[in-house]
Amino acid sequence: SPAGQHADALAQLRAMLDAATRPILDAYPAAERLSWDAKEAEATALLVAATPSLELAPLLARETAVQLAIAPEVLTIEQLLAKATTVLAKGATWRALISAVSGLRQRYEAAIADAEDDTARRAVLAGAAAEIAGLAG
């Protein structure tokens, strides 16, 4: 049925978009991904502060100390600033990808809705696949 074909095309589109984000998402445990916004907020606060201090970024300070296998009290501001810079760079990469994914989803969902038949929906999905594949590059 046309409604079923429409639903199938949407499911295929979403699966392609999920595949585009999977390499980043699969590299981190789900619980860690929940902390990304908090880490980015701390990193920003630290890097824009007139006088950066460990107290501005307690989550990042603890993570960095554990990562470096050092006691938190010996963590230096330089080590924490380096971590904050990395966090912001990774955040920028993620936001660039997810904004493209969101825009493509919206564009291709509309194109699928406008497709007159299954042949047109398949053509839309082929275009989406090619464009989504370009995200990885």
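Where is Tyr 28 found? Tyr 28 lies in the loop between α1 (2-25) and α2 (30-33); helices are DSSP runs of H or I with at least four residues, numbered from the N terminus.

This is a predicted model, in which local features need pLDDT of at least 70 and side-chain atom pairs count only at pLDDT 80 or more, while totals for chains, interfaces and linings use all residues. Residues are numbered from 1 along each chain as its sequence is written, and side-chain values use heavy atoms, with hydrogens and water left out.

**Surroundings of Tyr 28**

Tyr 28 is partly exposed, at a relative accessible area of 23%; partly exposed lies between buried (under 20%) and exposed (over 50%), with a 1.4 Å probe and protein chains only. Beyond neighbours within four places in sequence, Tyr 28 contacts Arg 33, Trp 36 and Lys 90, where contact means heavy atoms within 4.5 Å.

| Pair | Value | Kind of distance |
|---|---|---|
| Tyr 28 and Lys 90 | 3.3 Å | side-chain polar contact |
| Tyr 28 and Trp 94 | 13 Å | C-alpha to C-alpha |

A polar contact is a pair of N or O atoms within 3.5 Å; within protein, one must be able to donate a hydrogen and the other to accept it, and residues adjacent in sequence count only if both atoms are side-chain atoms.

**Nonpolar cores**

A nonpolar core is a set of buried Ala, Val, Leu, Ile, Met, Phe, Trp, Tyr and Cys residues joined through side-chain atoms within 4.5 Å. The largest has 14 residues, of which Leu 13, Leu 17, Tyr 108, Ile 112 and Ile 132 touch the most other members. At least two residues of this core come from each of α1, α5 (77-114) and α6 (118-133), and α5 gives the most, six.
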